[in-house]
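Reader: Hello! I would like to walk through this model with you, one question at a time. Could we start with the terms and then move on to the strands?

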Amino acid sequence: LTALVTYYFRVVAQGDYCSSGYSPTGQVTTVAAVPYIALADHSGGQIGTGEIKAGSTTNTIYRFQLTVTNTSATLTAVAFTSAGTYGATDISNFKVYYSADSTLEPGSDTLLGTVSSSLGAGAHSVSSFTQGISQDATGYVFITVDVAASPTAGATINISALTTGDLTFSSGTKSGSTTAGGAQTIITLPTVTSPTATAIGQTGATLGANVTSLGGTTISARG
């Protein structure tokens with residue numbers, strides 16, 4: 001039978017030597033198939049802890065997958081919650097991408113939406129899109145962040161675990177969950193101040209420098 005089609009029928013009883021007349025015509029309309037949607041961490045694992053640089057773009061800070069069975073599904077909204085010590089001015093935007101495979105390719109994958117205001121830690125969402133996922137297929141969603149040119153060195157940012165309530169579909173039965181993304185530490189260039197050279201001679205001089213800011217990371221070499 002086909003979904004959303006009305007079928008008509010009549011019933012007759014037959015025996016070895018006789019049969020009844022036909023019953024009045026009845027009808028039945030089949031219902032639409034409902035997709036089953038399974039939410040899970042990305043097949044390659046959730047994003048772990050790491051560092052992201054000042055002025056860098058399209059840093060993936062969260063990823064998950066959606067596996068659809070029974071019939072195709074349509075994703076229409078994604079909500080997520082950011083956390084950490086960062087402030088709204090430390091980043092330029094969040095972007096949410098959809099990919100038909102497990103690798104994010106910003107130049108060719110679908111940009112579902114951009115969040116460019118109220119960027120501080122808390123709830124965010126993208127909507128007003130329709131992204132289809134075929135039956136028996138898995139779609140992948142990536143959340144990225146662009147870091148401001150002059151952020152707070154050492155600030156951290158991550159995305160909290162998503163639940164099925166964070167995802168809106170046109171229809172479907174949802175299941176599954178994800179884990180939180182690892183904290184990303186924002187790093188900047190160290191700040192170095194150089195005092196006046198001393199002990200200046202014909203063949204050498206003594207130079208000094210002070211590192212007044214580590215830029216959110218560890219200085220492994222000085223010279």
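Author: Gladly! Two strands pair if DSSP finds at least two bridges between them. Please keep in mind that this is a predicted model.

Reader: Thanks. How many bridges join β7 and β11, and in which sense do they pair?

Author: Two bridges would be enough for strands to count as a pair. β7 and β11 pair in the antiparallel sense. The number of bridges between β7 and β11 is 8.

Reader: In which order do the strands of the open sheet lie?

Author: This open sheet is formed by 6 strands, and its pairing is mixed. The edge strands, each pairing on one side only, are β8 (110–115) and β14 (173–176). Neighbouring strands are turned by 20° against each other on average, direction ignored. The order is β8-β7-β11-β5-β3-β14.

Reader: Which residue of β8 is the bridge partner of V96?

Author: β7 covers residues 91–99, and 5 bridges join β7 to β8. These two strands run antiparallel. In β8, the partner of V96 is G113.

Reader: Let us turn to β5. Why is this strand largely enclosed by the rest of the structure?

Author: A residue is buried when its relative accessible area is under 20%. Strand β5 spans residues 59–69, and it is largely enclosed because the buried ones among its 11 residues number 8.

Reader: And how many bridges join β5 to β11?

Author: β11 takes in residues 137–147, and it runs antiparallel to β5. Two of the bridges can be named: N59 has V145 as its partner in β11, and F64 has V141. The count of bridges joining β5 to β11 is 9.

Reader: Which residue of β5 is the bridge partner of A38?

Author: Strand β3 (residues 36–41) pairs with β5 over 6 bridges. The sense of that pairing is antiparallel. The partner of A38 in β5 is T67.

Reader: Are Y62 and F64 buried or exposed?

Author: The cut-off for buried is under 20% relative accessible area. Y62 has a value of 0%, and F64 is at 0% as well. Y62 therefore counts as buried, and F64 is likewise buried.

Reader: How far apart in sequence are the parts that the pair of F80 and F94 ties together?

Author: F80 and F94 form an edge-to-face pair, 5.4 Å centre to centre with 75° between the planes. F80 is buried at 2% relative accessibility, and F94 is buried at 0%. F80 lies in strand β6 (residues 73–83) and F94 in strand β7, so the parts tied together are apart in sequence by 14 residues.

Reader: Which ring does the charged end of R10 sit over?

Author: Here a charge meets an aromatic ring. The charged end of R10 is 4.4 Å from the ring centre, and the ring belongs to Y22.

Reader: Last one: is S127 buried, exposed or partly exposed?

Author: S127 lies in the loop between β9 (122–126) and β10 (131–133). Leaving aside neighbours within four places in sequence, S127 is in contact with T76, A77 and L112. V78 is 49 residues away from S127 in sequence, yet 6.5 Å from it in space, C-alpha to C-alpha. With a relative accessibility of 42%, S127 counts as partly exposed.

How values were computed: Residues are numbered from 1 along each chain as its sequence is written. This is a predicted model: local features need pLDDT of at least 70, side-chain atom pairs count only at pLDDT 80 or more; totals for chains, interfaces and linings use all residues. Side-chain values use heavy atoms; hydrogens and water are left out. Buried means under 20% relative accessible area, exposed over 50%, partly exposed in between (1.4 Å probe, protein chains only). Helices (H or I, at least four residues) and strands (E, at least two) are DSSP runs, numbered from the N terminus. Rings of Phe, Tyr and Trp (its six-membered ring) pair if their centres lie within 6.5 Å; planes under 30 degrees apart count as stacked, over 60 as edge-to-face and the rest as tilted. A charge sits over a ring if NZ of Lys or CZ of Arg is within 6 Å of the ring centre and within 35 degrees of the ring normal. Axes are lines fitted to C-alpha atoms, for helices over the stretch in contact, and angles run from 0 to 180 degrees between N-to-C directions. Contact means heavy atoms within 4.5 Å.
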